[in-house]
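Have a look at the model below, and then we'll work through some questions about its aromatic side chains.

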Amino acid sequence: MSGAIPADGGIPAEGATPAGGATPAGSAAERFHEDWSRLLSADHGIAVHPGLLGRLAARTAALLHRAQQDDPFEPRLAAQAGADLVDGHFTDPVLLARAVELLQAQPAHDGRGPALTGAFAAGWANALRERTLREQEAIRTAADAARLEAERALRASEARFRALFESAAIGIAIGDTDGNILAVNKAVQELFGAGPEDMVGRRVDDLVHPEDTPGVWEAYEELISGKREYFQFDKPYYRQDGEVVWTHLTVSLIRDDDGTPQYQVAMLEDVTDRYRLQERLRHQATHDPLTGLPNRAAFFERLEKLFEDPEPGARFGLCYVDLDGFKVVNDSLGHDMGDQLLSAVAARLKAALTPLGHLVARLGGDEFVVLLENCRGEQEAVAAAKTVLGALAGPVLIGDHKLAVGASVGVLERRVSTTTPGAAVRAADLTLYRAKEAGRGRWTLFDPKENARAVSRYAVSVRMPAALDRGEFFIDYQPLYRLADGRMAAVEALVRWRHPQLGVLGPDEFVTTAEETGLIMPLGRWVLEQACGQAADWIKHYGDAAPQLNVNLAVRQARSAALVTDLSRILDNTGLEPARLQLEITESTVVGPEDEALRTLHGLVDLGVSLAVDDFGTGWSNLAYLRDLPVSGLKIAGSFVGDLHEPAKDGATGWRIVSGLVSMAHALGLNVTAEGVETRKDAERLREMGCDWAQGWHFGRPVRPAEIARRIVEEPEGRPVEEG
């Protein structure tokens with residue numbers, strides 16, 4: 001890296017500011033620059049001209065301030081600041097530690113403090129390493145020259161080499177090709193905390209450390225055999241006092257005039273401080289700061305290693321854990337209490353599961369995960385889930401509060417070869433929500449069929465927002481017939497989704513998801529617009545012969561205050577008379593006489609639109625509520641008629657129930673429609689009971705608008721059902 005200090009990119013040039021490189025008074029940049037200048041002005045074992053020091057302080061402070069503020073974040077600016085300090089001979093590790101402390105104390109844009117600090121430290125370390133390597137290369141060249149001069153009996157060169165060897169700041173050791181250490185300089189003795197008698201005569205292979213970088217000793221064997229000239233590794237050593245020192249090791253081969261390997265020269269740079277800094281930064285990057293557990297990144301790194309080269313038949317397990325009622329603690333007692341609870345939960349899970357060899361990680365919020373490597377089967381995974389619930393069974397004492405904490409656990413146990421890391425986590429997450437839906441405080445085992453259904457629902461919900469824009473929805477119309485004369489009285493609009501992967505989906509397959517996600521509002525508005533436009537077109541072409549239009553309202557739609565305004569606009573835009581539109585609501589739309597939804601329903605009736613209760617008999621069936629609703633029609637649920645043909649059920653009683661519903665509805669002045677009519681016999685019996693309308697496969701399945709138009713044109717004169 002260059003040590004030049006250009007004056008560009010907004011960095012103050014020489015003479016642009018005072019010696020301290022002051023920025024506009026009162027700014028955060030000024031305060032940081034002053035702190036930075038004081039740091040560099042402290043005694044770090046070097047002497048720098050005040051003018052040069054001022055420019056260096058201004059340059060590096062400006063680079064760091066830009067790195068703190070620029071968007072997007074540019075790590076190279078912070079790295080350049082670190083490199084410039086090394087080029088200015090600021091290489092004291094104490095200075096680096098104080099600089100890191102100062103940077104960590106500064107407010108950073110978008111929480112980039114750790115990234116800024118890491119980039120600065122990396123730039124400093126890389127520049128120092130490059131500088132050291134240059135020194136090493138110079139030393140190696142000098143050592144080679146000294147050897148050649150010695151072989152030519154040039155005593156002056158031998159003296160210069162000895163002086164360089166003894167006074168070099170970097171550790172140098174010389175050994176023969178048999179692995180015996182022949183000489184070490186003072187820097188090596190200080191590095192190992194040993195005297196020359198402790199080092200000379202030892203063998204190189206006595207200096208093995210358990211954390212040696214893979215390949216270091218293979219490279220050493222190749223070097224002393226003459227297959228390579230040098231190698232470099234980061235390698236730890238034990239000091240004489242038992243402490244560990246980390247070094248950047250460079251070993252070079254020295255040959256005689258014939259090219260035969262003669263000596264090996266090792267140069268050792270103490271990089272312990274840099275190594276420990278990197279370890280701290282890595283720990284911060286891979287561990288949750290609140291609980292100390294491995295974080296999401298560390299968990300996925302560990303999980304993905306299982307899939308890199310698994311043994312045949314290798315299995316693993318996941319326990320996806322979510323606390324029950326944690327939001328109540330946060331909302332009622334505050335986030336500080338919630339954080340303490342999370343820390344206590346993490347400690348319990350770690351104490352209970354780590355001794356079993358399982359990894360416990362925090363994924364975020366109140367979600368934890370347990371990874372079982374080399375799992376022996378579902379029983380072990382379920383046992384881990386039970387251990388989780390057992391660990392959280394007792395209350396947690398925090399201050400004066402005894403907090404009861406429970407959890408739900410989704411359990412997945414699979415062969416590694418049958419899935420992927422991402423798919424496994426998604427499956428465990430979906431299984432967790434099945435556990436919550438089942439009542440919380442329990443574990444649930446992964447079920448492939450349930451998972452497939454959940455994935456299908458997810459695929460539907462993901463694509464649905466854009467499906468309207470892509471024109472993937474369309475409407476079929478199912479006819480409703482008057483039983484008295486056998487003529488088509490109305491059509492019910494039924495939305496369909498032509499899904500590109502799943503094919504044509506009926507309402508039962510996506511309306512519930514649309515309700516849960518709120519997408520039912522734009523979808524329902526689109527259905528009203530399209531269906532009203534189609535009904536108006538039929539009236540334009542066929543006049544009074546055109547059928548009434550029935551459209552289903554979802555619960556969320558009926559509870560929307562904007563529905564009346566939206567429908568009024570739609571009717572105006574399409575030209576459809578309100579009296580030709582009937583909206584169908586379910587019994588769950590209104591849950592009592594004080595329900596706010598009643599106001600919306602009355603507003604719809606005031607527009608001139610009629611209302612009917614759909615699927616009557618499947619909800620609460622409260623007749624008092626039915627009396628209070630502004631409805632003019634009632635549709636008996638198809639399950640009533642369908643159950644009449646079940647051998648295990650009393651058909652006579654069923655028909656009496658249907659007859660009673662018809663009589664009750666007529667007593668309330670309601671038009672009655674029977675759903676699910678599939679036979680002519682059922683249609684005739686319903687007509688005899690006085691049922692007004694019917695729909696079902698006997699009268700026709702949902703069809704395209706063109707088929708409805710054909711029926712309007714070709715429909716014969718009306719006649720009772722029994723004559724048809």
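Q: Which residue has its charged end over the ring of Trp697?
A: Keep in mind that this is a predicted model. A charge counts as sitting over a ring if, among other things, it is within 6 Å of the ring centre. Here the charged end lies 3.6 Å from the centre of the Trp697 ring, and it belongs to Arg701.

Q: Which residue does Arg140 lie over?
A: Arg140 lies over the face of a ring, at 5.9 Å from the ring centre. That ring belongs to Tyr230.

Q: How many aromatic pairs are there?
A: Rings pair up if their centres lie within 6.5 Å. Go by that rule and the count of aromatic pairs comes to 12.

Q: Is the pair of Phe473 and Trp526 stacked, edge-to-face or tilted?
A: Planes under 30 degrees apart count as stacked and over 60 as edge-to-face. The planes of Phe473 and Trp526 are at 55°, with the ring centres 6.3 Å apart, so this pair is tilted.

Q: How many residues apart in sequence are the parts that Phe473 and Trp526 tie together?
A: Phe473 lies in strand E13, while Trp526 lies in helix H18. So the pair ties together parts whose separation in sequence, in residues, is 53.

Q: Is Trp526 buried or exposed?
A: Buried means under 20% relative accessible area. Trp526 has 19%, so it counts as buried.

Q: Which residues join Phe473 and Trp526 in a cluster?
A: Ring pairs link Phe473 and Trp526 into a cluster with two other residues: Trp497 and Phe510.

How values were computed
Residues numbered from 1 in each chain as written. Predicted model: local features only at pLDDT ≥ 70, side-chain atom pairs only at ≥ 80, totals over all residues. Heavy atoms only, no water. Phe/Tyr/Trp six-rings, centres within 6.5 Å; stacked < 30°, edge-to-face > 60°. Helix = DSSP H or I, 4+ residues; strand = E, 2+ residues; numbered from the N terminus. Buried < 20%, exposed > 50% of the residue type's maximum accessible area, 1.4 Å probe, protein only. Lys NZ or Arg CZ within 6 Å of the ring centre and 35° of its normal.
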